[in-house]
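Subject: Structure for your review

Dear colleague,

Please find below the structure that I am handing over to you. My findings follow it, and I would ask you to read them with the model open.

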Amino acid sequence: MTPEFWHQRWQRGEIGWHSDEFNRHLAEHWPGLGASAGSLVLVPLCGKSRDLLWLAAQGHRVIGVEISGLAIDHFLAENALSATRLEQAPFTRFIADEIELLVGDFFDLTSAHVPRIGAVYDRASLIALPPDMRPRYAARLAELVPSGSPSLLITLDYDPTQMNGPPFAVAEAEVRGLFGDAFEIDSIAAVDVLAEQPRFRERGLDRLTEQVYRLRRR
């Protein structure tokens, strides 16, 4: 799962995780997080998600981090956004009103790049990473997120013997193992979505659950 893997996926248009719709769990559960208007929301591994627009429309400043410059080009073009480009190694930063997009490796991110994080939204980040990378991801979030800040985390759970990721299955026990030391964790929804996702049934799954968590940095 090198950066080149994701660059090739974007170049080939193999982006089955992308949705042109706003995420329903975001719309339903974000208001309950208590993230204050005007606060900075971090969206790791954001792709070209339209959820960035939804968050900005709620009055937030939004920073998305994405390894693929092509994904960011698509996001800006598809949403008719004009952006200022700044080179700030190791990232290229695009600023379009309340949305900032950092092109580069999430694991290079420090608090200097994203000061004063008010909340985190993860719909497709944790489940994009193989098991050996997930502890490092959770540790980096713990470093970046200040005490008291909430996060909305959406994962998938399925029988991992039936399909190879990405997206990967991340069961609740693993979520609690990854984040439990640094975050308070509440499981707030579990939705069976296999009937809505025939491509996953075609890949061999007989169950598929979207699990939604509310996290708060201790």
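Accessible areas come from the Shrake-Rupley method with a 1.4 Å probe. In this predicted model, the chain exposes about 10000 Å², and carbon and sulfur atoms supply 48% of that area.

**Overall form**

The chain holds seven helices and nine strands. Its radius of gyration is 16 Å, close to the 17 Å that the globule rule gives for 218 residues, so the chain is as compact as a globular protein of that length. The C-alpha trace spans about 45 × 40 × 30 Å along its principal axes. Buried residues make up 50% of the 218 residues. Of the contacts with a separation of 6 or more, 69% are between residues 24 or more positions apart.

**The nonpolar cores**

The largest nonpolar core has 41 residues, of which Leu-42, Leu-109, Phe-179 and Phe-183 touch the most other members. Among the elements that give two or more residues to this core are strand 1 (40–43), strand 6 (117–122), helix 6 (172–179) and strand 8 (183–192). Helix 5 provides the largest share, five residues. A second, separate core of 25 residues includes Leu-26, Ala-35, Val-41 and Trp-54.

**Helix 6**

Which residues of helix 6 are buried? They are Val-175, Leu-178 and Phe-179. Seen down the axis of helix 6, the buried residues fall within an arc of 75°, so they line one face of the helix. An α-helix has 3.6 residues a turn, so residues three or four places apart point the same way. On the other side of helix 6, Ala-173 and Gly-177 are exposed. The buried residues pack against helix 5, strand 7, strand 8 and strand 9. Phe-179 has contacts beyond its sequence neighbours of up to four places, including Tyr-137, Leu-141, Leu-153, Ile-185 and Leu-215.

**Aromatic pairs**

The count comes to four aromatic pairs. One of them is edge-to-face and joins Trp-30 and Tyr-121, with 6.4 Å centre to centre and 90° between the planes. This pair links distant parts of the chain: Trp-30 lies in the loop between helix 2 (24–29) and strand 1, while Tyr-121 lies in strand 6, 91 residues apart. Trp-30 is buried, with a relative accessible area of 4%, and Tyr-121 is buried with 2%. Phe-106 and Phe-107 also form an edge-to-face pair, at 5.6 Å and 75°. Ring pairs link Phe-106, Phe-107 and Tyr-137 into a cluster.

Yours sincerely

Definitions and conventions: Residues numbered from 1 in each chain as written. Predicted model: local features only at pLDDT ≥ 70, side-chain atom pairs only at ≥ 80, totals over all residues. Heavy atoms only, no water. Core = buried A, V, L, I, M, F, W, Y, C linked by side-chain atoms within 4.5 Å. Buried < 20%, exposed > 50% of the residue type's maximum accessible area, 1.4 Å probe, protein only. Helix = DSSP H or I, 4+ residues; strand = E, 2+ residues; numbered from the N terminus. Contact = heavy atoms within 4.5 Å. Arc of directions from axis to C-beta. Rg over C-alpha atoms; globule rule 2.2 N^0.38 Å. Phe/Tyr/Trp six-rings, centres within 6.5 Å; stacked < 30°, edge-to-face > 60°.
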